[in-house]
Amino acid sequence: MFGQVVIGPPGSGKSTYCAGMAELLQRHLKRQVVLVNLDPANDQLPYKPDIDLTELVRLDEAMERLDLGPNGGLLFCMDFLLKNADWLVGRLKQFSNAYFLFDMPGQVELYTNDQSVQQLLDHLTNKCDYRLACVHLVDSHYCTDAGKFVAVLLTSLSAMLNLQLPHVNVLSKADLIEQYGQLPFHIDYFTDVLDLSYLVQSLEGDPVLQKYHKFTSALAELVESHSLVSFSLLDIQDRESVLRLLRSVDQANGYVFGDAEERSIAALLSCAVGADFEYAKIQSVHEKYTAASGGGSEAGPGASGTAGPSEEEEEEEEDIQIDFLA
């Protein structure tokens, strides 16, 4: 059984993503989807959960009874869930041959420092044989702030190392990517996480951040030394964008190599060798939502040299997409 564990900071669009992804999977790909809400504080969901953690424990009740704050209450709730993992496994086993979407809490410490979520996911993957991939959502507008983007990179890397699951990092709300300012570099600089020294240099003109220059530079070097972090772009209202992301997730959790759906050889090969053209992943966001046709600053990494696909490539891309939807 396969699934996605959707994590990210508060407001990054986790619940909206789960609702949109479930609709696509059910309506267009005919997968049986089970929505699992594992956020004990989320009682206003854009979907009807099939399994809801609030039936076992609620954040407001834990805070009231144990005199805890919001952060301490969430840590208690997830630890309580870990100790009652049999409750969750029993609910999950009620659904056979299903594809699971786990909507997780928004507290970052649960994925970078605390071990409750990591141990719970380890129990599901190693003892219960659920094949899961982690989808980590962060707001795309952080790309317009160099300091915040470095923090996003470090958080993403910490979550990848702590949770020990296949990861797909996502810049969500791509339609709002320049909501708070223009991108300093082309979009692919941020999705591919190119030479971060350019990003660190852009902080030199900020008198507030200047005193943290050495620290920021050290963090950037740490992220680059692992060479693990990259991002996909997502506009949840754009079906093509969601399909491209789903293809990446299906590769990560192994669903694409299963036999639950009929797939053409072309579709399998496209996933196996990554025959999805890089330009197609970013061109729609770049053309729709960025102010400058050059994607921000013209002088900088990723600002040029990214050519569009040829007519033959576009034709082949269309064939692959049709096979994928078939």
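**Figure 1. Contacts across the whole chain of the predicted model.** In this predicted model, 77% of the contacts between residues at least 6 apart in sequence join residues that are at least 24 apart. The chain has 326 residues, of which 48% count as buried. Its secondary structure comprises 14 helices and seven strands.

**Figure 2. The open sheet of seven strands.** The strands follow the order β3-β2-β4-β1-β5-β6-β7, and their pairing is parallel. At the edges stand β3 and β7, each of which pairs on one side only. Strands of a sheet pair through backbone hydrogen bonds, in either a parallel or an antiparallel manner.

**Figure 3. Strand β5 and its two partners, β1 and β6.** Strand β1 (residues 2-7) runs parallel to strand β5 (residues 131-139), and six bridges join the two. Within this pairing, Gly3 stands opposite Leu132 of β5. Six bridges also connect β5 with β6, again in the parallel sense. Here His136 has Asn169 of β6 as its bridge partner. Eight of the nine residues of β5 are buried, so this strand is largely enclosed by the rest of the structure.

**Figure 4. Helices α1 and α11 against the sheet.** Helix α1 (residues 14-27) packs on the sheet, where it touches β1, β2, β4 and β5. The direction of α1 makes about 165° with that of β4. Helix α11 also packs on the sheet, touching β1, β4, β5, β6 (167-172) and β7. Between the directions of α11 and β5 the angle is about 140°.

**Figure 5. The packing of α1 with α11.** Two packed helices are described by the angle between their axes and by the distance between those axes. For α1 and α11 the angle is about 90°, and the axes are 11 Å apart. This angle makes α1 roughly perpendicular to α11. From α1, the residues that make the contact are Tyr17, Met21, Leu24 and Leu25. From α11, they are Arg239, Val242, Leu243, Leu245 and Leu246. In an α-helix there are 3.6 residues a turn, so residues three or four places apart point the same way.

**Figure 6. The packing of α2 with α3.** Helix α2 (residues 59-66) meets α3 at an angle of about 110°, with the two axes 9 Å apart. The two helices are therefore roughly perpendicular to each other. Leu59, Ala62, Met63 and Leu66 of α2 take part in the contact. On the side of α3, the contact is made by Pro70, Gly73, Leu74, Phe76 and Cys77.

**Figure 7. The buried residues of helix α4.** In α4 (residues 85-92), the residues Ala85, Trp87, Leu88, Val89 and Leu92 are buried. The elements that cover them include the strands β2 (33-37), β3 (51-52) and β4, together with the helices α3 (70-83) and α6 (116-127).

**Figure 8. The aromatic pair of Tyr99 and Tyr255.** A search of the whole structure finds ten aromatic pairs. A pair of aromatic rings is described by the distance of the centres and the angle of the planes. In the pair formed by Tyr99 and Tyr255, the centres are 5.5 Å apart and the planes stand at 85°, which is an edge-to-face arrangement. The pair links distant parts of the chain, 156 residues apart. Tyr99 belongs to strand β4 (residues 99-103), whereas Tyr255 lies in the loop between α11 (239-253) and α12 (265-272). Tyr99 counts as buried because its relative accessibility is 1%, below the 20% limit. Tyr255, at 7% relative accessibility, likewise counts as buried. Arg31 lies over the face of Tyr99, at 5.0 Å from the ring centre.

Figure 9. Phe149 and Phe231 form a tilted pair, with 5.9 Å from centre to centre and 50° between the planes. Phe149 lies in helix α7 (residues 146-163) and Phe231 in the loop between α10 (213-226) and β7 (232-233), so the pair ties together parts that are 82 residues apart in sequence. Phe149 has a relative accessibility of 1% and counts as buried. Phe231 also counts as buried, at 7% relative accessibility.

Conventions. Residues numbered from 1 in each chain as written. Predicted model: local features only at pLDDT ≥ 70, side-chain atom pairs only at ≥ 80, totals over all residues. Heavy atoms only, no water. Phe/Tyr/Trp six-rings, centres within 6.5 Å; stacked < 30°, edge-to-face > 60°. Helix = DSSP H or I, 4+ residues; strand = E, 2+ residues; numbered from the N terminus. Buried < 20%, exposed > 50% of the residue type's maximum accessible area, 1.4 Å probe, protein only. Lys NZ or Arg CZ within 6 Å of the ring centre and 35° of its normal. Contact = heavy atoms within 4.5 Å. Pairing = 2+ DSSP bridges. Axes fitted to C-alpha atoms, helices over the stretch in contact; angles between N-to-C directions. Parallel < 35°, antiparallel > 145°, perpendicular 65-115°, else oblique.
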